[in-house]
Amino acid sequence: MKPNIVIVMTDQHRADLRRGCGYALDTMPYLDSFAEAGVDMRRAYTPNPVCLPARTSMFTGRYPSCHKVRTNHNIADVVRGDDILDVVKRAGYKTALCGKNHTYRALKDFDYVKATGHLGTKDDGTFSDEQKEFEDFLSASKHMESHVPSPGGVENQHPYRNVSAAFDFIDNHRGDDPFFMWLSFAEPHNPYQVPEPYFDMFPPESLPPVACGAECCELKGSDYVWERKAWEYVLGEDCEKRIARTRSNYHGMLRLIDDQFRRFMEGLETRGLRDNTVVVFLSDHGDFVGEYGLIRKGVGLPEVLCRITMAWQGPGFVSRCDNESCVNLVDILPTVCELCGEPVSFGNQGKSLVPLLRGEKVPEKEFDTAFCEFGHGGLYWNEKDKLTPADDRCITDGTTFACISSWTSGGQLRALRKGDMKIIMDMMGNGQLYDLKRDPYEINNIWSASEYAAQKTDMLAELTAAILRADDPIPAPHNRYRSKRHPRGYWFDEAYVSEDPGVPADSIADYLRGKNK
C-alpha cells in the first residue's frame, strides 16, 4: 500500500529557536516531541534562503542556478523535468494545497486548493465578518510588525484555517486514493502578527538577548551594514523597540504554528491515517530574528537563514536524532519518488533520504556536506551607483522595506558546510571561513588564519566539487551519449553498476524542450 505523503512547510522559520535544539524558551513543544519520536535531521539546509527559489528547488529537486528561479519574481523562467506533482499524480495520488503556494505551479494544478497568503486572502464568498476583519488587518499591515493582538482570535488565523482545509480535503474530497498534501503555513514570515493568547506569551523583556547585535554588521561586511541602515531608516528612532516587538511576535507565531501542527497530527490519528502517512515538517529558509540587528532575510548565507528544520515520521522509519547527515530541500523530490515507487526525475540534483529515514547504510561521504547558493548575478550595487533604494522599490513611502532587492541579492555567493567548518565564496574571489563549533554566528572570519590553512584547502576543494556536482543535467546530451545517474541521485556509491541503457538522450531532450516552453 502506498503511503500518504504530507509536507508541512513553514515560511521563514529559524531552525534553532526551540527547546529541543537547546534554545532557552519552549516555543514549539509539540514539534520537539514529533522530532524526538521521528527522524530529526539537525543539519538540514535550504538551497537558497529566498522563498520562491527555495520552494522551486523543493518541487523540482534542482538548485536555483539550474532551475533559473533565482529571485521572487522569476516564476516564468523555471527550467525543470518532472516535479513533485507530476510524480505523485502519475503514481495515482490525489493532491491538495492548503495554505501558501508561491511556486511556478498554478492553483488549478492541484486537485484541491484552499490558498492563503501573507497580506490577506480574497473572499471566496464564505468569509465571516470576523474573517473579513482579519484579512483587512493583514492587508493594512504593509508586512510590518503589529503592536497589538491580531483581531479575530485563533480560528481566523491562517494556520488554523489551513488545518481545517486539510481535514475538509481528507474527509470529503480525496476518495480512496492515497493523497499528497502540501500543508503550507505562510507564517512565521512577516507581517509579524499574532492574536491572544500568543501575543505577549513571550514578551519582549523575557526574550534571551541576541548572540550578536548591530555592532556585528561591520564584521560581517558592507552588505550587512547597508541592510541595517535601511532598517534604521524605515523603523526610525524606535528601531530597537520595534525589532524587540518583532521578535516577541515571532516567538508567539511559533507557538501558534506548533499548536496547529499538533491539531493536524491528532486529526490524522483520530481518522486512522497516521500509521500509513509520511509526514515531514520543514521550512523554506530562516529569519534573522534580531541577529546582527536585522530581521527577515536579505543578505548573505549565515546559518540563521540557511539551516532549516526537517523532521520526519512515517511507516518503517527508525527514530533518531541525526546530527551528522547534511540534507537539503532538493532532496525532497527524489525522496518522494522512492516513497511512491516512481523513478527519480531527469534533471533532479537531490538525493533520496529513504535509506537515512529507515536507518539503512548509505555510501560513505554521501551526506557529509551541505551546499547553498545565493544571488541573482552581476556586480554588487553600492551607494556610488545611481540606483537608489527608492528607484529599486525596496524602500517605499519611507515606511516599508523589501529585504530581498537588487541591493541585497546582487552578485553570486556559494557556501558549503562540512563537519563544523563552513566556507563562503563570492564571484570576486572573496572568501569567508568559519569554525561553527567555536563561532556559531560566523563573526570571526578565519580565512587568513595560518592555523586553519589545511582546513581552508580542504574546504576549497569540497566547494569546487559541490559546484561541479550541481552542474545542470539539462539539456540531455544528444545522439549516442548517456549520462550515468544513480537511481537515488547518489554520487559515492562505488558498488552501483548501471544495467539500464536508459531512454535515448534525444528523446529526453525533446521531452524537456516541450515541458519548458
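How much space lies in the second largest pocket? About 800 Å³. Before going further, note that this is a predicted model, in which local features need pLDDT of at least 70, side-chain atom pairs count only at pLDDT 80 or more, and totals for chains, interfaces and linings use all residues. Residues are numbered from 1 along each chain as its sequence is written, and side-chain values use heavy atoms, with hydrogens and water left out.

Now the terms. On a 1 Å grid over the protein atoms alone, a pocket is an open set of points with protein on both sides within 12 Å along at least five of seven lines, a cavity is a set where a 1.4 Å probe fits but cannot get out, and lining residues have an atom within 4 Å of a point. Grid points are joined across faces, edges and corners, and a volume is the space filled by probe spheres set on the points.

Back to the second largest pocket. Its lining has 32 residues, and Asn72, His73, Ala402, Cys403 and Ile404 are nearest the centre. Strand β12 (400–401) and helix α13 (406–409) each give at least two residues to that lining; helices (H or I, at least four residues) and strands (E, at least two) are DSSP runs, numbered from the N terminus. By class, the lining has eight nonpolar, 18 polar and six charged residues. Here Ala, Val, Leu, Ile, Met, Phe, Trp, Tyr, Cys and Pro count as nonpolar, Asp, Glu, Lys and Arg as charged, and the others, Gly among them, as polar.

Next, the cavities. There are five of 30 Å³ or more. The largest cavity holds about 230 Å³. It is lined by 18 residues, with Tyr63, Gln349, Lys351, Thr369 and Phe371 closest to its centre. β9 (320–328), β10 (369–377) and α14 (453–469) each contribute two or more residues to this lining. The lining of the largest cavity divides into 10 nonpolar, four polar and four charged residues. The second largest cavity has about 60 Å³, and the residues lining it include His118, His158, Glu187 and His189.

On to the rings. Rings of Phe, Tyr and Trp (its six-membered ring) pair if their centres lie within 6.5 Å; planes under 30 degrees apart count as stacked, over 60 as edge-to-face and the rest as tilted. That gives 19 aromatic pairs. Phenylalanine 134 and phenylalanine 137 are a stacked pair, because their planes are at 25°, with centres 6.3 Å apart. Both are in helix α5 (residues 129–139), three residues apart, so about one helical turn separates them. Phenylalanine 134 is buried, at 1% relative accessibility, where buried means under 20% relative accessible area, exposed over 50%, and partly exposed in between (1.4 Å probe, protein chains only).

Which way are the rings of phenylalanine 261 and phenylalanine 281 arranged? They are tilted, because the planes are at 55°, and the centres are 4.9 Å apart.

Last, histidine 13. This residue is in the loop between β1 (4–10) and α1 (29–37), and is buried at 2% relative accessibility. Beyond its neighbours within four places in sequence, histidine 13 has contacts (heavy atoms within 4.5 Å) that include Phe281, Tyr250 and His285.
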